[in-house]
Amino acid sequence: MDLRQGIGPRRPGKTADEFQQDLLSNLFYRRGTTVESASARDAYETLSLTVRDRLAERRSRTAAAHFATNPRWVYYLSAEYLLGAQLEQNLLYSDTGGLAAEAVKTLGFSLEELEDLDIEPGLGNGGLGRLAACLVDSMATRDIPAVGYGIRYDFGIFHQIITEQGQTERPDDWAFHGNPWEFPAPDDRQTVGFYGRTEPIPGSPTRKRWMPGEIVLGEPSHMLVPGYGTETVNIVRLWRARGSEASFDLSRFSAGQYAEAVQEAVRAENISKVLYPDDSTELGRELRLKQQYFLVSCSLRDIIRRFRLRNEGWAEFADKTVIQLNDTHPTIAIAELMRLLVDEYEVEWDEAWSITRRTFAYTCHTLLPEALETWPVHMFERLLPRHLEIIYLINMFFLREVEARFPGDHDRVRRMSIIAEGPERRVRMAHLAVVGTEAVNGVAELHSKLLRETVLNDFAELWPAKFQNVTNGVSPRRFVKIANPRLADLITEGLGSAAWLGDLEQLAGLEALAGDASFLERWRAIKRANKVDLAAGDPDALTDVMIKRFHEYKRQQLKLLHVIAMYHRIRADPSADWVPRTVLFAGKAAPAYHAAKEIIRLIATIAARIAADPVVSPHLRVVFPENYNVTLAERIIPAADLSEQISLAGKEASGTGNMKLALNGAITIGTLDGANIEIRARVGADNFFLFGMDAYQAAGAHQQGYSPWAYYEADGELRAALDTLRAGTFGEAGQRVADSLLGRDEYLTLADFRSYVETQDEVDQVWRDPLRWAHMSVLNTAHSGFFSSDRTVADYAARIWRVAPVPVPKAD
Ligand code: TH1
């Protein structure tokens with residue numbers, strides 16, 4: 001008999017009175033203060049705990065249902081999560097927003113002021129980290145048993161400050177005041193080894209003993225991930241590095257050598273100290289590889305621990321477990337699982353390899369060569385000597401297979417090897433990820449196709465069935481309901497129900513309203529009200545937004561050339577009937593990416609110059625709100641009219657901001673890149689402003705002798721814009737940007753300029769007809785239902801994970 005049967009925690013109540021009482025209990029007993037002396041932060045912390053308790057109760061039922069079912073689990077491994085602020089989301093997902101608003105009044109605060117204290121954990125760089133957050137949301141929403149594993153960085157993505165000098169960075173001590181959403185789980189801590197040496201085990205050809213030279217503790221904590229419209233609450237488990245007890249040297253401390261006494265502990269804790277602020281580029285620092293192995297080693301041991309709670313032996317491991325690798329960052333997991341199985345659990349190599357390959361799947365998020373991770377063999381050998389040996393073995397067996405399939409094709413063997421030969425031998429993580437997994441996917445149709453045709457072509461020829469596409473998606477709860485409550489209410493009214501929030505294809509029902517003039521008027525009024533809230537310029541101006549990381553391939557510089565062209569046109573004819581525009585840029589540049597920082601500096605200069613120009617400023621404004629993050633995105637996206645998705649075709653794997661903006665009724669001006677192509681196919685070519693060359697034209701341009709000067713010579717408006725920059729009118733940053741464009745113009749900015757400006761002229765024409773614009777805007781929302789991350793997760797579940805939902809019973 002199960003002695004625990006019938007015993008469960010006291011359930012938090014559902015009534016306003018019960019909520020109020022719980023809030024007060026938490027204030028007294030957990031926060032340790034009183035109503036009379038409660039500060040705003042006391043009230044915020046207490047409210048958060050009260051809401052968290054409601055989710056924790058669901059979490060306990062979820063765990064019970066999972067334990068009883070012993071299901072197949074999804075483990076999502078990601079070095080980054082951009083979860084966004086938690087309070088508003090958790091109020092929505094626990095349906096306690098109304099109760100909370102009333103209850104906090106008795107403490108003398110408004111819900112809005114407490115929400116301002118809710119800091120977002122910035123544990124990611126950009127799209128890849130936010131995608132991880134949307135996917136865990138949708139996994140819970142689809143009742144999929146899942147855990148997201150990550151790193152609890154002390155410092156998240158830096159806080160950005162913008163001045164006329166450009167970007168400066170400040171550390172992001174996000175948990176300075178504590179984090180009420182987090183549960184520490186010290187009992188589940190793990191130990192992780194680094195460095196050291198290996199030793200053969202007599203009588204065993206494949207097993208080895210690894211004696212690490214450094215030992216670090218991984219301490220987990222988790223945050224709750226509730227599903228929307230369901231009972232499931234999953235978790236994201238984050239690891240923080242700590243020195244072991246032995247890392248404090250008491251004798252040195254006693255001798256007065258204070259720094260030396262703690263140096264080992266400091267070294268250990270540095271592993272989870274700070275997120276590397278590089279998006280889509282690789283720095284190749286040893287500490288980064290250490291972070292990756294730290295995440296992987298802690299998580300795999302935790303996964304095995306969880307498996308062993310419910311199962312014996314290894315026969316069922318791969319049937320009960322799928323581990324999704326979010327890009328190559330956690331790919332060392334393939335070697336680590338082999339090491340654990342072969343060295344520690346004494347599983348035969350072939351069986352271990354079969355288990356490993358069937359357990360992992362790999363998502364590739366890029367095509368950029370500078371983002372494809374490779375590690376110097378000598379660095380690997382020093383830090384992870386046993387893993388390098390295992391990788392060599394994996395590679396040997398793999399290359400034998402290639403040799404057998406393509407006899408005599410030595411060039412192919414060299415190209416496909418996990419080890420790149422050359423003056424400095426390197427480990428190619430993407431190759432390891434393809435060899436050691438059952439499925440590989442790109443993140444949009446075009447991206448998956450280009451992966452098969454270019455960087456992973458040899459692998460696609462060897463294993464065609466392994467390669468798939470799963471187009472990215474975004475959470476409609478966070479990016480419509482929470483970010484844009486006015487629009488969400490109108491949609492619910494128009495469709496007659498709120499069910500679209502859990503079934504986004506229902507938005508198609510809005511098409512029937514796209515011809516209704518009074519509906520279009522309300523639609524327009526909402527966009528205007530959102531612009532008033534954002535307060536970034538004239539709410540009647542066309543709000544033209546480019547919000548994303550700064551990277552040359554994304555081509556913020558193309559948008560700037562257009563701004564300069566508009567500036568020249570207005571100065572030449574100030575009294576013409578110009579369409580008023582607010583051009584809004586937001587986003588961070590990697591601190592060491594100088595070219596990207598020059599572009600930010602140039603934007604700041606141009607913004608100031610235009611603002612000070614009485615002739616131009618009534619028609620054109622450039623704004624750059626600083627420190628773009630999830631919270632700021634939630635304010636900008638609802639106010640956007642025009643969505644700039646102008647990367648050079650073939651460079652942006654997918655994009656997800658493009659989806660969030662279309663969903664909120666912004667119309668895209670974009671190239672045939674990433675998910676833009678799928679957005680255009682769904683919203684219709686008439687409701688999308690297309691320009692520029694396609695990926696195949698772009699790929700051939702440099703070989704065919706591309707010359708930026710030819711475009712400079714041929715296009716007077718372009719020449720005038722570049723000459724203004726070269727003359728130093730907008731400072732040194734402008735000169736440097738112009739030099740780079742007229743030097744190599746790696747991303748073919750000048751080649752796409754004319755097509756871009758002509759398409760922007762078309763944008764102006766459509767804007768002059770407000771009802772036509774509103775009609776197009778409604779159709780963008782109506783046909784963006786496909787871009788829900790719930791659909792993305794359903795695709796992964798059906799085609800890659802082969803998992804079934806496990807419903808969690810309601811509380812009785
Ligand atoms: C981004 C891609 O650039 C973007 O197109 C895509 O929508 C997003 O991932 C989600 O799939 C990437 N972010 C990173 C970050 C690092 C390395 C590679 C990529 S690709 C650190």
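In which sense do S16 and strand S17 pair, and over how many bridges? In this predicted model, S16 and S17 (residues 426–428) pair in the antiparallel sense over 2 bridges, and Val-427 in S17 is the bridge partner of Ile-419. Both strands belong to an open sheet of 3 strands, in the order S15-S17-S16, with antiparallel pairing. Strand S15 (374–376) and strand S16 (419–420) stand at the edges with a single partner strand each, so one side of each is left without a neighbour in the sheet.

The second topic is a helix pair. The axes of helix H6 (residues 127–141) and helix H33 (residues 789–801) come within 8 Å and cross at roughly 75°, and the two helices are therefore roughly perpendicular to each other. The residues that meet are set out by helix below.

| Helix | Residues in the contact |
|---|---|
| H6 | Cys-134, Leu-135, Ser-138, Met-139, Thr-141 |
| H33 | Ser-789, Asp-790, Thr-792, Val-793, Tyr-796, Trp-801 |

By class, the residues of this contact of H6 with H33 divide into 6 nonpolar, 4 polar and 1 charged.

Of the 39 residues that line the largest pocket, Glu-88, Asp-116, Thr-631, Glu-634 and Arg-635 are the closest to its centre. The lining comprises 14 nonpolar, 9 polar and 16 charged residues, and the helices that each supply at least two residues of this lining include helix H3 (87–93), helix H21 (517–534) and helix H24 (630–636).

Definitions and conventions:
Residues numbered from 1 in each chain as written. Predicted model: local features only at pLDDT ≥ 70, side-chain atom pairs only at ≥ 80, totals over all residues. Heavy atoms only, no water. 1 Å grid on protein atoms, 1.4 Å probe; cavity = no way out; pocket = protein on both sides within 12 Å on 5 of 7 lines; lining within 4 Å. Helix = DSSP H or I, 4+ residues; strand = E, 2+ residues; numbered from the N terminus. Nonpolar A, V, L, I, M, F, W, Y, C, P; charged D, E, K, R; others polar. Axes fitted to C-alpha atoms, helices over the stretch in contact; angles between N-to-C directions. Parallel < 35°, antiparallel > 145°, perpendicular 65-115°, else oblique. Contact = heavy atoms within 4.5 Å. Pairing = 2+ DSSP bridges.
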